[in-house]
Amino acid sequence: MFTVTTTHVQHLDLSSRISTSSLIRSPRPLTQKRESAVKQFPPQHFSITTLNIIATITTTKMTITTTTIPTLTAHTHAKSQYTTTSSRLAARLSIHNYNTHPQSWFQFAQTFIPKSGSILEVGAGTGALWSPPAIPSPSQLPSVTSLTLTDFSPAMVATLNSNPDIAALKSILPNIKIQQCDATSLPFPDSEFDTVVANHMLYHVDNPIAALQEFKRVLKNGGRLVVALNGLDHLKELFEIGGMVERGSTIAGLAKITAENALEQIEGAGFEGVERERFPGEFRLPGVEPVLEYLNSVGETDMEEGKRETVKRVVGERLDEGGGFRVEKNMVVFVGRKP
Ligand SMILES: C[S@@+](CC[C@H](N)C(=O)[O-])C[C@H]1O[C@@H](n2cnc3c(N)ncnc32)[C@H](O)[C@@H]1O
C-alpha cells in the first residue's frame, strides 16, 4: 500500500533532508499538521497523500540513474553480435566469395562430415553448411537418418527456419530439426548422434572444454566430432586496417580456443585420434567494398563516414597490380572420435 515507485522517488528535494528509504519504508509526513491530516484518511488515500507531499517539496531535482556494465567475454560478445540479427554473420560470410582455392570453404568442411547416420550441428548460424555449393542437391544425403541444426541465437534459428535450401533438403530428408540451445547445455540424451559439427563457434564460448565435453556426451561411442577454428593470424591484413578505425578483431582477445591450442583442448575433453587440416589458399578481395562490408559487420553500429574514408584510402594504397586486396586466412578443421 505504501510503495513508492522508483519513478516517484527520482525527483527529491534535497533540502528537505528526507531520505529515499524513509519515504519508501514509512510515508512519514513533513509536519505535525500534515501528520494529523494523513491520519484521517483510510490507507488507500495514504499513499496518494504521500505522493502529493513529494510533488510539493520538489524544488531541487536529483535524477538517479543506474547502469549495469556487463563484463565483456567471448559469450557476451557473441550475444551482442548474434542474438537479434543474422545479418552481421551473413555479411561476414560473403568474404568466402573471394576464396582463391577452387573448393569453397563449406565444400571443404563438408568433406569431413560422413553422409550417414544422425548429425548434430551446434552454432549452425544461417545454415550455409547445408546450402549449395556445400550440398549441391538434396540427393547428396541419402544415408543421413537425421539432421539437427541448433544455435543459441533466436535470430539464427529464425533464419534457419526460413532458409529455402534447408526446406529443399526436407524433401529428401524429412527428419530435419531446428532447435535453439546453448552449446554448453544441449537438450539431447547421452549417445544420441553419430556426428557432432561445431564450425567457427567454440571461440564464442567462455568455457570451450565444457562445450566439448557436452559434444562428447551426446555422441555415440565411436562417433565423430568435426570442429572448425581460426588461427590467430586469420584475416590479419583486414584486421590491421580494422584496428585503425576501431574495428579490430574483438574475438582475438576474448577467445579461449584457437587453431593454435585446440588440439590439446579437444584431447583434454576426451576425444581420440584427433587430426587437423588447414584449408588452403587465401582471400583476394576485389577492391575496397568487401573490406568495408566486413569491417562494418564487426561493430555494433554502422561505421562513420570519416572511418570509411580511412579504410578506402589505406586499402587503395595496398591493392595489388590487378586491383585486388590479399588477405591471409588460417582456417583449420579438427576431427576427433569419442572412444
Ligand atoms: C561465426 S558464426 C558461425 C556459424 C556457422 N557455424 C558457420 O560456419 O557459418 C558463430 C555461430 O555460433 C553461434 N553461437 C555463439 N555462441 C553459441 C553458444 N554458446 N551456443 C550455441 N551457439 C552459439 C552464433 O549465434 C553464430 O550463429
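How many nonpolar, polar and charged residues does the shell around the ligand have? In this predicted model, local features need pLDDT of at least 70 and side-chain atom pairs count only at pLDDT 80 or more, whereas totals for chains, interfaces and linings use all residues. Residues are numbered from 1 along each chain as its sequence is written.

The shell comprises eleven nonpolar, six polar and two charged residues, where Ala, Val, Leu, Ile, Met, Phe, Trp, Tyr, Cys and Pro count as nonpolar, Asp, Glu, Lys and Arg as charged, and the others, Gly among them, as polar. Among the 19 residues around the ligand (C-beta atom, placed from the backbone, within 6 Å), the nearest are Gly123, Gly125, Phe152, Ala183 and Met201.

The protein chain contains 15 helices and nine strands, taken as DSSP runs (H or I, at least four residues, for helices; E, at least two, for strands) and numbered from the N terminus. Of its 339 residues, 32% are buried, that is, 20 or more other C-beta atoms lie within 10 Å of their own, with C-beta atoms placed from the backbone.

Strand S5 (residues 219-230) has nine buried residues out of twelve. Six bridges pair S5 with strand S4 (residues 193-199) in the parallel sense, pairing being assigned if DSSP finds at least two bridges between two strands. Helix H10 (residues 208-218) carries the chain from S4 to S5 in a right-handed β-α-β crossover, meaning that the path from the first strand over the helix to the second runs clockwise with the strands pointing away from the viewer. S5 is also joined to strand S9 (residues 331-337), antiparallel, by seven bridges. Val226 of S5 is the bridge partner of Val197, and the bridge partner of Val226 in S9 is Val335.
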